Amino acid sequence: MKISARNVLNGKIVGIVRGPVTTEVTLEIAPGVQITSTITSNSAQTLGLQEGGVAYGVIKASSVMIGVDD
């Protein structure tokens with residue numbers, strides 16, 4: 001897999017919540033560290049996602065904002 005995004009996080013699929021339009025996929029990228037993405041249910045089916053499988057979280061953003069409490 002070759003892509004232009006600089007942030008590619010591989011992980012184990014630890015949760016899938018399928019809906020009629022969207023599917024929520026949770027990856028564990030390190031012990032106790034999880035990221036969640038919402039993708040189309042069609043994409044989830046096409047990718048053949050299953051809990052326990054390996055997948056990549058690809059983060060592509062033109063800007064990342066940082067905030068702090070007042």
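Predicted model: local features only at pLDDT ≥ 70, side-chain atom pairs only at ≥ 80, totals over all residues.
The largest nonpolar core holds 7 residues. Its members are Ile13, Ile16, Val25, Leu27, Ala44, Leu49 and Ala55. Strands β1 (7-18) and β2 (22-30) are the elements that give two or more residues to this core. In soluble globular proteins, nonpolar side chains tend to be buried together. Leu27 belongs to the core.

Thr23 has a relative accessible area of 2%. Thr23 is therefore buried, as that value falls under the 20% cut-off. The side chain of Thr23 makes a polar contact of 2.9 Å with that of Ser41. With neighbours within four places in sequence left aside, the contacts of Thr23 include Ile16, Val17 and Arg18. Ser37, Thr38, Ile39, Thr40, Ser41 and Ala44 are also in contact with Thr23. Ala30 has a relative accessibility of 29% and counts as partly exposed. Ala30 and Leu9 are 21 residues apart in sequence. Their C-alpha atoms are 9.6 Å apart in space.

A nonpolar patch lies on the surface. Met1, Ile3, Val8, Tyr56 and Val58 form this patch. Together they have about 500 Å² of accessible area. Met1 lies in the segment before β1. Its relative accessible area is 71%, so Met1 is exposed.

Technical notes: Residues numbered from 1 in each chain as written. Heavy atoms only, no water. Core = buried A, V, L, I, M, F, W, Y, C linked by side-chain atoms within 4.5 Å. Buried < 20%, exposed > 50% of the residue type's maximum accessible area, 1.4 Å probe, protein only. Helix = DSSP H or I, 4+ residues; strand = E, 2+ residues; numbered from the N terminus. Patch = residues over 30% accessible without salt bridge, like charges linked within 9 Å, V, L, I, M, F, W, Y side chains within 5 Å. Areas by Shrake-Rupley, 256 points an atom, 1.4 Å probe, with all protein chains shown as cover. Salt bridge = Lys/Arg side-chain N within 4 Å of Asp/Glu carboxyl O. Polar contact = N/O pair within 3.5 Å; in protein donor to acceptor, adjacent residues only side chain to side chain. Contact = heavy atoms within 4.5 Å.
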